[in-house]
Structures are given as C-alpha cells and as structure tokens.
Amino acid sequence: MTAPLPHRPPTQRERLKAIIGGSTGNLVEWYDWYAYAAFTLYFAPHFFPSEDRTAQLLSAAGIFAVGFLMRPIGAWAMGVYADRHGRKSGLTLSVALMCAGSLLIAVTPGYEVIGVGAPLLLVVARLIQGLSIGGEYGASATYLSEMAGRDRRGFYSSFQYVTLIAGQLVAICVLLVLQGVLSDQQLDEWGWRIPFLIGGGLAVIVFWLRRGLSETQSFHVAKAESAPRSGFIELVTNHPRETLTVMLLTAGGTIAFYAYSIYMQKFLVNTSGLSREAASQINGITLLFFMMLQPVAGALSDRIGRKPLMIGFGVLGVLFTYPIFATLAVTRDPLIAGLLVMAGLIIVTGYTSINAVVKAELFPAHIRALGVALPYALANTLFGGTAEFVALYFKQAGIEQAFYIYVTVMIGISLIIYIRMRDTQRHSQIRED
C-alpha cells in the first residue's frame with residue numbers, strides 16, 4: 001500500500017486499512033504485556049520461592065512495576081523517533097522489542113536451576129517490554145487519531161483501547177484454554193511458558209504487517225512545512241501546560257483501569273477467596289463487555305464531546321470506587337463479583353474510550369507522538385504500574401482498605417483536570433488539510 005501524497009487526505013478505504021492494521025499490531029503488543037499479569041499466579045513460585053503466596057505475588061508485582069520504569073524512556077526515545085521518522089516506523093520498532101522480551105521470558109530457567117539469575121533475567125525481559133510498550137502507546141494513539149476523520153475520530157481512535165483490552169482478553173482466553181487442557185501440575189511446571197512463546201511468534205507476524213502500513217497525512221504535512229524537530233526540550237518549553245494536563249488526566253484513569261482489570265484477578269483470589277478458575281472467568285467475561293463498550297462511548301464523544309465522558313468517569317469513580325471494592329472483598333458469589341467488576345469497568349469506560357484521542361488532540365503534529373507518549377508513560381509508571389504493588393503492600397500490612405481510598409483520591413485529582421480543561425473535540429490540534 002502506498003502512502004498518501006502530502007496535502008491529499010487518505011480515502012475512507014485507506015483509513016480503514018490503516019486503522020485495522022495498526023489495531024491488530026496493538027493487540028499483539030498488549031497481549032504480550034498482559035500475559036505476564038495473567039500467568040503470575042503460575043510462574044511466580046518458579047522465580048520467587050516462598051511459602052507465602054502474597055509474598056510471591058508481591059515480588060512478581062514489583063517486577064511488573066519495574067517494567068514501567070522503562071516506559072518513560074521508551075516513550076521519549078520512540079516518541080521522538082515516530083515524530084521525526086513517521087508513526088509507521090515507531091510502530092514497527094516497538095513490536096520488534098516486544099517480541100524479544102516475550103521470548104526471553106519463555107525460555108528463562110527457574111530459580112531452582114539458575115538461582116538469582118532467574119528473577120534477574122525476568123527483570124531484563126520486563127525492561128525490554130517496558131521500553132517497547134512505552135513507545136507503542138504514543139505511536140498507536142497518534143496513528144489512529146490522525147488516520148481517523150474529524151467526524152468519527154472518537155469512534156476510530158477508541159479502537160486503541162479496544163485492542164489494548166483485546167490483548168488482555170486474549171491473554172485471559174489463553175489462560176482459560178490452558179486451564180482446560182492441562183492439569184494444574186502441568187500448568188504450574190511448564191505450561192505457563194506457552195503464552196510467551198505464542199506472543200513472540202505473533203509479534204514476528206505483526207512486524208511484517210506494520211511494514212506495509214500507510215503513513216499519516218498529519219506527519220506528511222508537518223514534514224512538508226519544516227516544523228520544529230520533536231524533542232524533550234521542545235515539549236517542556238513550548239507545550240508545558242499540555243504535558244502536565246496529560247499526566248494529571250491520566251493519573252486517575254490509569255490507576256482505576258489497572259485496579260479493575262490487571263489487579264482484579266489477584267484480588268478475587270487473594271481477598272475474595274474465589275478459585276483461580278472463577279477469577280479468570282470473571283476477568284475474561286467482564287473484559288469482553290468492557291471492550292465492546294469502547295467504540296460505543298467513542299462514538300458518543302463525537303456527538304456530545306470528550307469532556308462529559310471524562311467528567312462522568314471522575315464523578316462516578318469518586319462516589320463508587322470504595323463501595324465496589326469493599327463489597328467485592330466480602331462476597332463469595334461469583335455472579336455478584338462479576339456484576340461489581342462490570343460496574344467498575346463501565347465507570348472507567350468514560351476515560352479509556354477517549355483518552356488516546358484527547359491526548360492526541362492537545363498537541364500539534366510535529367510533537368504529537370512524544371507529547372502523547374511521555375507524560376502518559378510517566379503517569380503510568382507512577383500510578384498504573386505500581387497499582388498492584390501498592391494494593392498488595394496495603395494488604396500485607398493489614399490495611400487493604402487504604403488502597404480503595406488511594407484509588408478514589410487519584411480519580412478525584414483527575415476529575416479536577418477534566419472540569420477545568422477545554423473540550424479537545426472543539427479545540428483539536430489535529431489538522432485535516
């Protein structure tokens with residue numbers, strides 16, 4: 001497929017092909033990232049020998065958080081790369097790194113074989129994946145937002161989170177399939193390596209797929225106009241308000257998303273007392289409905305604006321986060337637990353469905369990939385990546401309710417930003433000419 005010429009907007013067919021191609025790669029990237037979380041209950045004993053399940057999960061969650069430390073570096077390096085060399089180039093590089101990280105996890109021997117080398121190699125693999133995913137978010141959010149037309153930008157860009165959630169959902173489905181065909185002993189001993197081998201193989205396919213994508217019109221226009229070069233100094237000196245806005249609007253949304261999706265599987269087992277199989281089923285079913293809500297909410301934002309959805313998430317999140325988690329902690333009924341998790345995810349949809357396009361609409365094209373990626377990655381490192389660790393730390397300290405309060409407070413901080421900021425749909429920096 002040839003890239004559109006400068007100053008010629010892509011046709012609807014070109015838009016659809018690019019969005020489908022970009023979304024497919026995004027799905028595989030996030031599958032690889034989330035496979036770690038989905039299979040933590042099975043591989044943690046191999047890397048962190050201990051008689052205390054919470055201690056094992058805490059160690060694994062710590063490495064999950066360490067992976068986030070590389071996300072700002074990946075966001076900076078590949079955000080600049082995508083702004084200077086094209087969104088397509090950034091997407092191709094990020095999936096190559098993700099492939100390497102997944103395969104390393106798949107082949108790393110356990111603690112009983114190589115001792116401390118096992119958790120160290122796990123750290124290296126997560127650092128590589130963190131570098132990849134740090135660049136992936138900015139490049140994919142920018143690419144999807146720029147390829148979508150003005151009137152349907154919220155709808156099309158919502159597929160950035162559709163595929164993000166789909167990646168997590170596929171990881172859960174792989175877990176459910178393996179739970180069905182393998183015994184617990186087989187899954188504990190070697191079956192947990194299978195999803196990482198699958199992820200590495202899919203990433204190779206996506207690498208070649210992304211090499212054939214069209215470049216966006218916004219990038220061509222910025223290059224033709226000789227806009228300033230993307231870089232950290234350009235971002236913080238000429239766009240400080242937008243950079244801070246992205247960080248603060250992300251903080252509450254990302255911690256809520258990780259609390260209800262990534263951490264929830266462990267919470268249902270470790271706190272609610274449900275079986276691992278029941279927790280996986282609840283996680284999978286609720287994520288499926290959550291994924292289906294994203295384009296609905298994205299399309300709604302094209303009609304009423306982005307701001308009402310974000311404010312709705314903020315208000316409902318502040319009011320209901322504590323009650324939902326407190327009730328989940330004492331329920332033993334899988335149906336009630338599933339309904340409560342779904343309620344939380346419906347609330348979070350006000351953020352997830354449109355956060356990518358909101359961030360992209362804040363920045364001009366020459367700095368957009370970096371502007372979307374870096375402040376988002378910083379907020380994710382501080383809040384999203386540490387959500388599991390903080391939750392398990394509070395639980396181990398005997399004050400688990402403090403986590404519910406923490407999530408509520410962070411959503412409240414983001415709510416202030418949602419109320420004060422302009423609606424980006426009406427003040428978008430994404431040009432169509």
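I began with alanine 369, which touches Gly79, Ala82, Asp83, Arg87, Gly138 and Thr142 when residues up to four places away in sequence are not counted; contact here means heavy atoms within 4.5 Å. I noted that this is a predicted model, in which local features need pLDDT of at least 70 and side-chain atom pairs count only at pLDDT 80 or more, while totals for chains, interfaces and linings use all residues. Residues are numbered from 1 along each chain as its sequence is written, and side-chain values use heavy atoms, with hydrogens and water left out.

Alanine 369 has its place in helix α20, helices being DSSP runs of H or I with at least four residues and strands runs of E with at least two, numbered from the N terminus.

Next I turned to leucine 175, in helix α9 (residues 159-181), and found it buried with a relative accessible area of 0%. Leaving aside neighbours within four places in sequence, leucine 175 is in contact with Ala38, Phe39, Tyr42, Gln265 and Ser280. Its C-alpha atom lies 21 Å from that of threonine 271, which is 96 residues away along the chain.

For asparagine 270, in helix α15, I read 19% relative accessibility, which counts as buried.

Arginine 152 is in the loop between α7 and α8 (153-157), and at 42% relative accessibility it counts as partly exposed. From arginine 152 to glutamine 265 I noted 34 Å, C-alpha to C-alpha, for a separation of 113 residues in sequence.

I then checked helix lengths, where the expected span is 1.5 Å times one less than the number of residues. Helix α7 (residues 117-147) has 31 residues and should span 45 Å, and its end C-alpha atoms are 44 Å apart, which agrees. Since 23 of the 31 residues of α7 are buried, I recorded this helix as largely enclosed by the rest of the structure. Helix α22 (residues 401-420) has 20 residues and reaches 30 Å from its first C-alpha to its last, close to the expected 28 Å. The buried residues of α22 include Phe403, Tyr404, Val407 and Ile411, and its buried residues pack against α14 (240-260), α15 (264-270), α17 (307-330), α18 (334-352), α20 (368-384) and α21 (387-396).

Last, I looked at the whole protein, which has 22 helices and zero strands. Its radius of gyration is 21 Å, close to the 22 Å that the globule rule gives for 433 residues, so I noted it as being as compact as a globular protein of that length; the radius is taken over C-alpha atoms, and the rule is 2.2 Å times the number of residues to the power 0.38. Of the 433 residues, 62% count as buried. Among contacts between residues at least 6 apart in sequence, 87% join residues at least 24 apart.

How values were computed. Buried means under 20% relative accessible area, exposed over 50%, partly exposed in between (1.4 Å probe, protein chains only).
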